[in-house]
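Open the model in your viewer and keep the sequence panel beside it. This tour goes stop by stop: what to select, then what is there.

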Amino acid sequence: MGRTLLTSADDPKPSPHPDVTLRSDVTVELVKSSASDSDVLFAARVSTLGEQSIGELQKDPERSKGLINYLMRDRHGSPFEHNSMTFLVSAPIFVFREFMRHRVGWSYNEESGRYRELQPVFYVPDESRKLVQEGRPGKYVFVEGTPAQHSTVRSVLGDSYHQAYEAYQKLLAEGVAREVARAVLPVGLYSSMYATCNARSLMHFLGLRTQHEQAKVPSFPQREIEMVGEKMEAEWARLMPLTYAAFNANGRVAP
C-alpha cells in the first residue's frame, strides 16, 4: 500500500505497518453557509413588522445586538433557525456515532462502505489525550496517561488496525461484497460526512459536546467529538459574531 503511519497530521513517524495510516486529528471544513446575525433579526421582527421586517437584512445588526441578546436570554429560539451551515468532517467512525444522537435541525450524509472500498486510515490518540478514567459512572474524571500507557495504546491499536485491514483486504480479494467485508473493520476507522445545521441546532450541540468556562451547565464530552465541535464553533463565531457573543454571555444554553 505504501502508506506512512502518522500520529498527527504534521508529525510523521516510522511505521511498523506501512499498509495503514494513523492519525490523531480531525478536520472540519465549512463548505457553504447562509448565516449572519441579520438572519436572526428579520426573523424575530416579523412578529411586529410583518412584511417590512425584510428591511432588517440591509441594516447594521450591531445596532440590534440587544435584541439578539434578549432572544437568547429569554430563549426565544426559532429566529436562530433561519440560517444554514454545511461542514465537511473527517473523523473516526465512533465520533459520527455520537453525532447521530443530534437529530433535530441536523442533516447528515456519510461515505458508504457499501459502495466504496474503505481506506486504511485509523485513529490513535496523541500524547495530549487523557487516557485514564477515575471515579464511578456519572461522577468521574479523566487523567493523564503515563508514557508507557501511551506507548501501549499506540502499539496495540496499530497492530489491531493492521490485522483488521489485512482481513478486510482478504475478504475483498475473495470476492466478498464490500458491505459484508466492512464488518471486520473497527470504529477507529476514519470516515467523512457532510453535516448541515442551523445556529440553534449547533448551539445545542456545542452545549453538550464542548466544555467552556462560561457554560452554566457542565458537560462531559468525549474529547474527539469535542475537537470537531471546537472547529465548528470557530467557523460559526466568524459568521455570526453577535449571536455567538450572546450564546456565551447567557451561559452557552441553546435557546
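## First stop: helix 6 and helix 7

Helix 6 and helix 7 are oblique to each other. Oblique is what remains once other angles are named: under 35 degrees is roughly parallel, over 145 roughly antiparallel, and 65 to 115 roughly perpendicular. Select helix 6, residues 199-209, together with helix 7. They pack at an angle of about 140°, and their axes are 10 Å apart. Axes here are lines fitted to C-alpha atoms, for helices over the stretch in contact, and angles run from 0 to 180 degrees between N-to-C directions.

A word on what you are viewing. This is a predicted model, in which local features need pLDDT of at least 70 and side-chain atom pairs count only at pLDDT 80 or more, while totals for chains, interfaces and linings use all residues. Residues are numbered from 1 along each chain as its sequence is written, and side-chain values use heavy atoms, with hydrogens and water left out.

Stay on this pair. Helix 6 passes helix 7 in a left-handed crossing. Left-handed means that the near helix is turned anticlockwise from the far one by less than a right angle; clockwise is right-handed. Now show side chains. From helix 6, pick A199, L202, M203, F205, L206 and R209. They meet I225, E226, G229, M232, E233 and W236 in helix 7. Contact means heavy atoms within 4.5 Å. By class, this contact has eight nonpolar, one polar and three charged residues. Ala, Val, Leu, Ile, Met, Phe, Trp, Tyr, Cys and Pro count as nonpolar, Asp, Glu, Lys and Arg as charged, and the others, Gly among them, as polar.

## Zoom out: the whole chain

How many helices and strands does the chain have? There are eight helices and eight strands. Both are DSSP runs numbered from the N terminus: helices are H or I with at least four residues, strands are E with at least two. Color by accessibility next. Buried residues make up 43% of the 255 residues. Buried means under 20% relative accessible area, exposed over 50%, and partly exposed in between (1.4 Å probe, protein chains only). Of the contacts with a separation of 6 or more, 71% join residues 24 or more positions apart.

## Helix 7 from end to end

Select residues 223-239, the 17 residues of helix 7. The end C-alpha atoms are 25 Å apart, which agrees with the 24 Å that the helix should span at 1.5 Å a residue. The expected span is 1.5 Å times one less than the number of residues. Which residues of helix 7 are buried? Pick E224, I225, E226, M227, V228, G229, M232, E233, W236, A237 and L239.

## On to helix 8

Helix 7 and helix 8 pack at about 120°, with axes 5 Å apart. That makes helix 7 oblique to helix 8. E233, W236, A237, R238 and L239 of helix 7 make the contact with P241, T243, Y244 and F247 of helix 8. These residues divide into six nonpolar, one polar and two charged.

Now bring in helix 2, residues 65-73, against helix 8, residues 241-249. Their axes come within 9 Å and cross at roughly 45°. Helix 2 is thus oblique to helix 8. The crossing is right-handed. Helix 2 brings K65, I68, N69 and M72; helix 8 brings L242, T243, A246, F247 and A249. Six of the residues in this contact are nonpolar, two polar and one charged.

Click N69 in helix 2. Is N69 buried or partly exposed? At a relative accessible area of 26%, N69 is partly exposed. Its C-alpha atom is 7.5 Å from that of T243, 174 residues away along the chain. Not counting residues up to four places away in sequence, N69 touches A246, A249 and N250.

## Last picks: loops and the end

- Find R75, in the loop between helix 2 and strand 3 (84-92). Its phi is near 60°, a positive value in a residue other than glycine.
- In that loop, select H82. H82 is partly exposed at 45% relative accessibility. Leaving aside neighbours within four places, H82 is in contact with D39 and A43.
- Go to V104, in the loop between helix 3 (93-99) and strand 4 (106-110). V104 is exposed, at 76%.
- Finish at R252, in the segment after helix 8. R252 counts as buried at 5%. Its phi is near 55°, also positive.
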